Amino acid sequence: MDITTASLAERPDLADPMWAMDDSWAEFTQYDPVAWSLMGRIAKDFPGYVLVAVDEREQVVARAFSVPFALAAEGRGELPGGGWDQVMLWAFSDLRHGREPDTVSAIEVAVAPRAQGRGLSGLMLRALRDNARAHGFTQVVAPVRPNAKHQEPATPIEEYARRTRDDGLPYDPWLRVHVREGGVIERVAPVSMTVSGTLAQWRAWTGLPFDREGLVEVPGALVPVHCMPERGYAVYVEPNVWVRHAL
């Protein structure tokens with residue numbers, strides 16, 4: 001494939017086809033309230049940090065979202081346990097209050113299903129790094145969602161994140177891409193995303209009965225969902241893995 005990447009600041013005409021691109025996210029992940037509130041605003045308020053890849057036919061095949069934020073601001077200093085949600089909240093708080101950002105965080109790298117398996121995730125990660133460097137930043141961080149963790153939801157994330165192959169690279173494919181590109185695994189973000197809903201909502205999102213108390217393994221979930229039928233709700237708390245890229 002002949003791939004070209006550009007930011008939405010450079011190619012605002014790609015916004016609509018970018019949003020229309022198919023992706024592999026499980027339906028329930030769309031109902032994280034922070035993502036629901038802020039993902040659309042990233043494209044509007046940080047267009048220079050949203051990258052879109054098109055093929056030779058000008059069809060969108062991948063997208064990458066990132067946000068600038070002030071990691072060194074008072075009360076911060078280290079990558080947050082709140083991961084994905086927290087870094088988006090920080091970025092928009094910094095924008096509102098005029099704080100000078102010092103770090104860029106990756107938010108999402110998504111590849112259209114028809115284009116997967118062709119190395120586009122690594123290409124988009126490199127493009128995010130290059131874009132941050134072009135904006136004058138010296139580091140990119142990423143609350144990584146390990147893309148094979150859903151195959152073993154009962155495994156503790158700390159154990160999974162540190163698992164390596166015989167060649168010393170991470171066992172997980174997406175963590176492996178990050179490390180190959182120079183990233184360093186730093187810590188787990190235990191509450192990176194939270195999705196809560198009624199039992200009826202979870203049944204609609206997953207097709208599962210959600211009629212018994214306890215842990216429910218859901219396709220696409222990195223850890224089990226906590227189901228509380230007597231109280232009428234279930235909650236998913238997703239851990240991610242912080243990776244730091246020095247530029």
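## Helix H7 and its packing

Strand E6 (184–198), strand E8 (225–228) and strand E9 (233–246) are what the buried residues of H7 pack against, where contact means heavy atoms within 4.5 Å and buried means under 20% relative accessible area, with exposed over 50% and partly exposed in between (1.4 Å probe, protein chains only). Helices (H or I, at least four residues) and strands (E, at least two) are DSSP runs, numbered from the N terminus.

In helix H7 (residues 199–206) the buried residues are Leu 199, Trp 202 and Trp 205. They lie on the same side of H7 because they cover an arc of only 125° around the axis, the arc being that of the directions from the helix axis to the C-beta atoms. The exposed residues Ala 200 and Ala 204 are carried on the face turned away from the buried side of H7, and just after the helix Gly 207 takes a positive phi of about 75°.

## Basis of the model

This is a predicted model, in which local features need pLDDT of at least 70 and side-chain atom pairs count only at pLDDT 80 or more, while totals for chains, interfaces and linings use all residues. Residues are numbered from 1 along each chain as its sequence is written, and side-chain values use heavy atoms, with hydrogens and water left out.

## Pro 170

Pro 170 sits in the loop between helix H5 (157–162) and helix H6 (173–180), and is buried, with a relative accessible area of 5%. Leaving aside neighbours within four places in sequence, the contacts of Pro 170 include Leu 175, Val 179 and Ile 185.
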